[in-house]
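Please look over the model shown below, and keep it in view while reading the report that follows.

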Amino acid sequence: MILSVSCLVLLLASNNIKVILGCMCMPIHPQSALCKAEYIIKARILSNKIIKVNNTDENFLNLDIPLPHHTVYNILINSVLKNAKPSFRFNLQQIHSLHIPATESNCGIQLEIGKLYLLTGKFDHTKLQMTNCDFHLKWHQLTVDMIEGMSGKYDCSCKVATCMDGYCDIENGCKWNVSWDKSFKDCAYKHLNCERPNRKVCQWNQKSSYKQCLLAEKLFNDV
């Protein structure tokens, strides 16, 4: 069973077809987010505006669905941690535009004006795009291990398998066990990275910060 982002379409039996779009983001470990992202930036949110997205797809228009909207955020980039598209030049002295779906049903997310974030996403030609399924977190919420990982310590030759109820999204890799009944942002999320010591099998690097996090969780749960 493959865990993936799903766009749910419900067709109602009637003369007119009604389509209800929904967004479901599966949990993703920061290491996987880094390796899949086309860009990773540290940026401050300056302002936003909502625009209508032009869509000339006849099949889409025939469904009589309102055209989607994007929230365009003006951002000031402090630093670029990853750029998988060298033809796209980040100018740290220039304000950039970040395009995000305006509604939650289309995987939109609201960013706070004035806050500093770590943002990841993909390029759409000359545009920076991001959805709620891409890794994003306020900078002050990042752990030291996450910042070090995003700065180059995450090993993209090693994969993190997101596992839920006995099913994993990939067969091999370091297993990250999650469930819907507790927060995904656990100690493994905050402190673990999957690496290949001495070029051998990929395994979790269980550093002291991870063990301290587990101990703190145990003490909290015992109260």
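This is a predicted model: local features need pLDDT of at least 70, side-chain atom pairs count only at pLDDT 80 or more; totals for chains, interfaces and linings use all residues.

The position of C107 is in the loop between β5 and β6, and its phi angle is near 70°, a positive value in a residue other than glycine. Most residues other than glycine have a negative phi.

D165 also has a positive phi, of about 55°, although D165 is not a glycine. This residue belongs to the loop between β9 (160–164) and β10 (167–168). Is D165 buried or exposed? With a relative accessible area of 67%, D165 is exposed.

## The chain as a whole

The chain is built with five helices and 13 strands, and of its 223 residues 36% count as buried. When contacts with a separation of 6 or more are considered, residues 24 or more positions apart account for 58% of them.

I51, which is located in strand β3 and is partly exposed at 31% relative accessibility, is 18 residues from H69 in sequence, while the C-alpha atoms of I51 and H69 are 5.6 Å apart. G173, in the loop between β10 and β11 (174–177), is partly exposed with a relative accessible area of 33%; G173 and V201 are 28 residues apart in sequence, and 8.9 Å lies between their C-alpha atoms.

## Three salt bridges

Side chains of opposite charge can pair when their charged atoms come close. How many salt bridges does the chain have? The count comes to three.

In one of them, the side chains of K138 and E112 meet with 2.3 Å from N to O. Because K138 lies in strand β8 and E112 in the loop between β5 (95–101) and β6 (116–124), this pair ties together parts that are 26 residues apart in sequence. K138 is buried, with a relative accessible area of 16%, whereas E112 counts as partly exposed at 38% relative accessibility.

Another salt bridge joins the side chains of K207 and D145, with 3.5 Å from N to O. This pair links distant parts of the chain, since K207 is in the loop between β13 (203–204) and α5 (208–222) while D145 is in helix α3 (residues 144–153), 62 residues apart. K207 counts as partly exposed at 22% relative accessibility, and D145 counts as buried at 11%. K153 forms a salt bridge with E148, in which the closest N and O atoms are 3.9 Å apart; here K153 counts as exposed at 58% relative accessibility, and E148 counts as partly exposed at 32%.

## K42, a buried lysine without a partner

K42 lies in strand β3 (residues 39–52), and this residue is buried yet has no salt bridge.

Which residues surround K42, once its neighbours within four places in sequence are left aside? K42 is in contact with L76, I77, N78, S79, L81, L116, Y117 and W139.

## The second largest pocket

Rolling a probe the size of a water molecule over the atoms shows where empty space is left. The second largest pocket has a volume of about 400 Å³, and among the 17 residues that line this pocket, those closest to its centre are N132, D134, H136, K185 and Y189.

Strand β8 (residues 136–138) gives the most to the lining of the second largest pocket, contributing three residues. What kinds of residue make up the lining of this pocket? The lining of the second largest pocket divides into 11 nonpolar residues, three polar residues and three charged residues.

How values were computed
Residues are numbered from 1 along each chain as its sequence is written. Side-chain values use heavy atoms; hydrogens and water are left out. On a 1 Å grid over the protein atoms alone, a cavity is a set of points where a 1.4 Å probe fits but cannot get out, and a pocket is an open set with protein on both sides within 12 Å along at least five of seven lines; lining residues have an atom within 4 Å of a point. Grid points are joined across faces, edges and corners, and a volume is the space filled by probe spheres set on the points. Helices (H or I, at least four residues) and strands (E, at least two) are DSSP runs, numbered from the N terminus. Ala, Val, Leu, Ile, Met, Phe, Trp, Tyr, Cys and Pro count as nonpolar, Asp, Glu, Lys and Arg as charged, and the others, Gly among them, as polar. Buried means under 20% relative accessible area, exposed over 50%, partly exposed in between (1.4 Å probe, protein chains only). Lys and Arg count as positive and Asp and Glu as negative; His and the chain ends are not counted. A salt bridge is a side-chain nitrogen of Lys or Arg within 4 Å of a carboxyl oxygen of Asp or Glu. Contact means heavy atoms within 4.5 Å.
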